[in-house]
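This briefing goes through the structure shown below, topic by topic.

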Amino acid sequence: MLFNSNSIQGRQQDQDEVFIEILKKNEMSEEDKKKFQRSIKSLILFLKQLDYDPFKSEIEFCIFGSQLNGFGTKESDVDFTFITNSFVDERIALKYIQQEINSVDQRKFKIKEFIEFARIAVMKIADESNKIEIDMCFNNLLGVINTKLLYAYANLHKKVQQGGVLLKLWGKQQKIINKNCFSSYAILIMWLHFLQEKYQMPNLQNKQYKPPKLKSILSIKRNIEGRRISSFDVDVFFVYNGEKYNQLKDQFEKRMSQVSLKQLLKDFFKYYSDQGEGFNQKYKISINEKQLKEEGEKYSMCDPFDQEHDPIKKIRNNFKDQSVFNKAAKSIEENAQNMF
């Protein structure tokens, strides 16, 4: 029997039609993209009018997060960080920005909340004109770099991006993505980890791909929840373009072309089910180097860059029903459109 790749892809497309429709309904419209751009330009123009002299530091602005990492939806907000050329206590800096914004007679940008003692201090701002939510922080360099890493993974194959978005929608629908349980970011790391383990998606941070003379060590210094100053060095290398990236992409394309998006999602849910390997393995969930869990630890994850951050640490006391993954593996066969 002759192998017909076109017929396989045709069957996959038929299976995946419901998922493609869900994705279309949740993608950002062109008008929303324009609003997003207007909001960013307006915010930067406004911030440049404020007084930054107390920082005695050069300041740049960066946008990061789901709007730029390839896994955004129409519900995604804006992640915005100030980048300075020297250490600034981010909590003190945000308090100063808060005072400056409040001192200006304007109605466009409204401070909704200042979360000072989170892992990364953040000020939530609403752009009242464009109806855009903005999360503002200071010196979140690893957030910016992580956004580029996720974008590189999303671009390896359209099913990587599609599956990640669908799982974010599913997690919110099932109410397991919330401030006390999983984050959208943690679900994405789980998805990429699964693809590496079961579908041989490449590890883009693999040091064997690193050019010998490339310097990629970044020194991080920050305030941890207002209690202590932390500093560490991290290697921020990863493959994101060029000949090696294209080679890895082509190799992965051959594997992904043989499987439907529906099957990938079904396998994901089984992987993290009660009997699956995901949470039952001896290693932490990771998309980079493997690390053993601590004794007695079930839920644990390595952040790709931030050695002090376990994105699923908080679920240990808040996530009680792993059968949600079991149920999803069955529902995707019977009633997929209601899952997302």
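Lys 266 is buried, at a relative accessible area of 17%. Its partner in a salt bridge is Glu 333, with the closest N and O atoms 2.7 Å apart. The model is a predicted one, and the count of salt bridges in it comes to 18.

**Salt bridges**

- Because Lys 266 belongs to helix α8 and Glu 333 to helix α9, their pair ties together parts of the chain that are 67 residues apart in sequence.
- Glu 333 counts as partly exposed, with 40% relative accessibility, whereas Lys 266 is buried.
- A salt bridge also joins Arg 222 and Asp 306, whose closest N and O atoms are 2.7 Å apart.
- That pair links distant parts of the chain, 84 residues apart: Arg 222 is in strand β6 (residues 217-224), and Asp 306 is in the loop between α8 (261-271) and α9 (323-334).
- Asp 306 is buried at a relative accessible area of 4%, and Arg 222 is buried at 11%.
- Arg 222 and Asp 306 are part of a network of salt bridges that also links Arg 119, Arg 228 and Glu 308.
- Glu 297 and Arg 316 meet through their side chains in a salt bridge, at 3.3 Å from N to O.
- Both Glu 297 and Arg 316 lie in the loop between α8 and α9, so their pair ties together parts that are 19 residues apart in sequence.
- Arg 316 counts as partly exposed, its relative accessibility being 30%.

**Sheet and packed helices**

- Five strands form an open sheet with mixed pairing, in the order β1-β2-β5-β4-β3.
- Its edge strands, β1 (59-64) and β3 (109-115), each pair on one side only.
- On average, neighbouring strands of the sheet are turned by 25 degrees against each other, direction ignored.
- Strands β1 and β2 (residues 78-84) run antiparallel and are joined by six bridges.
- Within β2, Ile 83 stands opposite Glu 60.
- Helix α2 (residues 30-47) packs on the sheet and touches β1, β2, β3, β4 (122-127) and β5 (132-138).
- The direction of α2 makes about 45 degrees with that of β5.
- Helix α4 (residues 141-154) lies across β1 and β2, and runs at about 40 degrees to β1.

**Cysteines**

- The count of disulfides comes to zero.
- Cys 137 has its closest cysteine sulfur in Cys 62, and the 10 Å between the two sulfurs is too far for a bond.
- For Cys 181, the nearest cysteine sulfur is that of Cys 302, 19 Å away, and Cys 181 is in no disulfide.
- Cys 137 is buried, with a relative accessible area of 4%.
- Cys 181 also counts as buried, at 5% relative accessibility.

**Confidence**

- Mean pLDDT for the protein is 91, and 95% of its residues reach 70 or more.
- Confidence is lowest in helix α1 (residues 5-26), where the mean is 76.
- Helix α6 (residues 184-199) has the highest confidence, at 98.

Methods
Residues numbered from 1 in each chain as written. Predicted model: local features only at pLDDT ≥ 70, side-chain atom pairs only at ≥ 80, totals over all residues. Heavy atoms only, no water. Disulfide = S-S within 2.5 Å. Buried < 20%, exposed > 50% of the residue type's maximum accessible area, 1.4 Å probe, protein only. pLDDT = per-residue confidence, 0-100. Helix = DSSP H or I, 4+ residues; strand = E, 2+ residues; numbered from the N terminus. Pairing = 2+ DSSP bridges. Axes fitted to C-alpha atoms, helices over the stretch in contact; angles between N-to-C directions. Contact = heavy atoms within 4.5 Å. Salt bridge = Lys/Arg side-chain N within 4 Å of Asp/Glu carboxyl O.
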